[in-house]
Amino acid sequence: MKQGVGRVGSLDTLRGLSALAVCWYHFSGNRLVGPGLIRDSGTYGWLGVDVFFVISGFVIPFALHREGYTFANYRTFLLKRIARLYPPYLASVAIGFGLLVLYSVYKGQPHVEFSARDLLLHLAFLNGFFGRPWLNSIYWSLAIEMQYYLLIGLLFPILSSGNVGRRYLGYAALVLPVIFLPSSVFLFHFGSLFLLGVVTFQYSSGLLERSEYCVLLGVCGLGIFTVLGLPAVFAGAFAIVMMRVLKQGIRLTNMLGEVSYSFYLLHSSVGSLILYFMLSLVANGSELEKLFAIVVSVGAAIGVATVAYYLIERPAIRSSAAMRYVSRPGDAERETIYLSRSDAIAERPSLPIPIVEPVNAID
């Protein structure tokens, strides 16, 4: 029988740390902060997005395997993703547009410098393809995630296959198109990061031997380095080490990880507005005063995100969870996946590590 749904502490910790890193990158880079140690401290915070992609590469196939997903469930899978991710996303779009209107009024501008067409493109995450601006600077990463969902639902049957040739065909489909579609608006630009998570899922499920897993980690690292550079390699390695080593996570970051999707969505709009007013009060102040302003703004953004989580995101999670995949004969006999590797899943005596309802890595 399938185990009850739970949470993986290390993934919540990773989500929390990654969302916090991205937030710090944006806040420390505010023009009112100015050059100095504070700005330098957030230089590589953008790598949190790369960590999110690795988490998605792992947790989505992990969850699909657990729930007995087949290609016949593709439509349901996409509907579950939409039900889970769109309500918080659309709420953040509405909030961002509302703040933009208020800012235009505050500046005395008669018109909002954002077209209805640009706003409509947000519904399908198409702004990047049309070269149009996003309301929120982080939405580009959600567009990449959505492309990943569209593709992983198609590739999962071969990525989870016991046939080596099929699995390698899946690897190729995830990363090789970057040769022909090198633009960062396409998923394939980040394909090696997602693949890093995928092969970790395969190793955890017993599909890969340790030696093959190590070779594939090296191949993924080379792909990441070639397309994205050395910092992204370190981000990917950090994600894998945390998933493999940290079993229970850290309580404080686990709590942040639970609301990290709402936090990620709202920190650049609501949080940045709070930061603007806070920094305006200490515009000519010391580094310590500016640091205090940023810390308070981060805390306020987390508070707003927590409210949004309980009012919007949590109902969306329940709505998504209510949608069930069509089961097949034999699904009840599906083995539980373990993070500790041995030769046969059925022989593993260690405790299973339960996972959540398939979630976006950015939540």
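1. In this predicted model, the second largest cavity has a lining that divides by class into seven nonpolar, two polar and one charged residues. The space in this cavity comes to about 60 Å³. Its lining residues are Pro88, Ala91, Ser92, Ile95, Ser262, Leu265, Leu266, Ala308, Ile312 and Glu313. Three elements, α4, α12 and α13 (287-321), each give two or more residues to that lining. The largest share is from α4, with four residues. The model has four cavities of 30 Å³ or more.

2. The largest pocket has a volume of about 780 Å³. A total of 23 residues line the pocket, and those that lie nearest its centre are Tyr103, Ser268, Ser269, Ser272 and Leu273. The elements that contribute two or more residues to this lining are α1 (9-28), α4 (74-106) and α12 (260-281). By class, the pocket lining holds 13 nonpolar, nine polar and one charged residues.

3. On the α6 side the contact involves Tyr139, Ser141 and Leu142, which meet Tyr261, Tyr264 and Leu265 of α12. Five of the residues in this contact are nonpolar, one is polar and none is charged. Leu265 is in this contact and is also one of the residues lining the second largest cavity.

4. From α6 the contact takes Leu151, Leu155, Ile158 and Leu159, and from α7 it takes Arg166, Arg167, Leu169, Gly170, Tyr171, Ala173 and Leu174. By class these are eight nonpolar, one polar and two charged residues. For the contact of α6 with α12, the corresponding division is five nonpolar, one polar and no charged.

5. On aromatic residues, the count comes to 24 aromatic pairs. One of the pairs is formed by phenylalanine 58 and phenylalanine 62, with 4.8 Å centre to centre and 80 degrees between the planes, and is edge-to-face. These two phenylalanines are four residues apart in helix α3 (residues 47-66), which means that about one helical turn separates them.

Definitions and conventions
Residues are numbered from 1 along each chain as its sequence is written. This is a predicted model: local features need pLDDT of at least 70, side-chain atom pairs count only at pLDDT 80 or more; totals for chains, interfaces and linings use all residues. Side-chain values use heavy atoms; hydrogens and water are left out. On a 1 Å grid over the protein atoms alone, a cavity is a set of points where a 1.4 Å probe fits but cannot get out, and a pocket is an open set with protein on both sides within 12 Å along at least five of seven lines; lining residues have an atom within 4 Å of a point. Grid points are joined across faces, edges and corners, and a volume is the space filled by probe spheres set on the points. Ala, Val, Leu, Ile, Met, Phe, Trp, Tyr, Cys and Pro count as nonpolar, Asp, Glu, Lys and Arg as charged, and the others, Gly among them, as polar. Contact means heavy atoms within 4.5 Å. Rings of Phe, Tyr and Trp (its six-membered ring) pair if their centres lie within 6.5 Å; planes under 30 degrees apart count as stacked, over 60 as edge-to-face and the rest as tilted.
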